[in-house]
Amino acid sequence: MNKLFAAALNAILIAAMFGIALWAIHELPAGGQVVIHWGSDGRPDAWVGEWAGLLIIPIVACVVWFLMSVSPQGFSSSGDSVPPARVRRTVFSRLLFVQLAIQAVIAIHALGREVDTSNYIALALGMLYIAIGALDKSRKAGRWIFVASGLGMLVAAFGLERGDKVLGVFVLALGAPLVTVLYSHLMSRTG
């Protein structure tokens, strides 16, 4: 993904997050509360005021985008190789898609519609992991581990009951990076 296209896409995604937030704030009654966290059973368990609840995601996205823009492209504290800037831009854009999906779920729920958040989160994470796997040109095993985990999350989104879905997505989301790191470590020690 080239720099100009990535910047335009990121700006559009962040503008959409702000647009959703401001629209939902306008539609909510004054002093309304917004759910910002759902428990593993799918029930809301944390609320904040409408402004904080709906603006936190786009503000965090802006801060992260700024930090990524000003950080040195070849920076790595461990001295390991760093993904090319193109890969970093693409992964960040995909993360913004996930944040946009979460922003939409929060806004829809704030406006009084019931939403099964576990489906949307599983779908968004599954698509993100597939995208990360598709971009990883360095290690074939890592690529397929992420793609398989992403596909597993997509299946879990609508194929499992809520408790099993949350557990399955949690295991896949943590398992893919851990297995990839372990495999890379073992390959570096034997090679």
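L28 counts as buried because its relative accessibility is 10%; buried means under 20% relative accessible area, exposed over 50%, and partly exposed in between (1.4 Å probe, protein chains only). This is a predicted model, in which local features need pLDDT of at least 70 and side-chain atom pairs count only at pLDDT 80 or more, while totals for chains, interfaces and linings use all residues. Residues are numbered from 1 along each chain as its sequence is written, and side-chain values use heavy atoms, with hydrogens and water left out.

L28 sits in the loop between α1 and β1 (33–38). Helices (H or I, at least four residues) and strands (E, at least two) are DSSP runs, numbered from the N terminus. Leaving aside neighbours within four places in sequence, L28 is in contact with V34, E50, L54, A110 and L111, where contact means heavy atoms within 4.5 Å. L28 and A107 are 79 residues apart in sequence, and their C-alpha atoms are 9.6 Å apart in space.

The protein chain as a whole has six helices and two strands. Read from the N terminus, its elements run α-β-β-α-α-α-α-α. Of its 191 residues, 34% count as buried. Among contacts between residues at least 6 apart in sequence, 64% join residues at least 24 apart. The chain exposes about 11,200 Å², and carbon and sulfur atoms supply 70% of that area; accessible areas come from the Shrake-Rupley method with a 1.4 Å probe, and for residues only the protein chains shown count as cover.

Next come the helix pairs. Two packed helices are described by the angle between their axes and the distance between the axes. Axes are lines fitted to C-alpha atoms, for helices over the stretch in contact, and angles run from 0 to 180 degrees between N-to-C directions. Angles under 35 degrees count as roughly parallel, over 145 as roughly antiparallel, 65 to 115 as roughly perpendicular and the rest as oblique.

Helix α1 (residues 3–27) packs against α2 at an angle of about 170°, with the axes 9 Å apart. The two are therefore roughly antiparallel to each other. Residues of α1 including A7, I14, F18 and I25 meet residues of α2, among them E50, L54, P58 and W65.

On to the next pair: the axes of α2 and helix α3 (residues 85–110) come within 9 Å and cross at roughly 175°. α2 and α3 are therefore roughly antiparallel to each other. The residues making this contact include G53, I57, V64 and M68 of α2 and R88, F92, L96 and A107 of α3.

I59, V63, F66, L67 and V70 form a nonpolar surface patch with about 460 Å² of accessible area together.

K165 is found in helix α6 (residues 162–190). Is K165 buried or exposed? K165 counts as buried because its relative accessibility is 4%. Apart from neighbours within four places in sequence, K165 is in contact with D116, S118, N119, A156, A157 and L160.

Methods: Patch = residues over 30% accessible without salt bridge, like charges linked within 9 Å, V, L, I, M, F, W, Y side chains within 5 Å. Salt bridge = Lys/Arg side-chain N within 4 Å of Asp/Glu carboxyl O.
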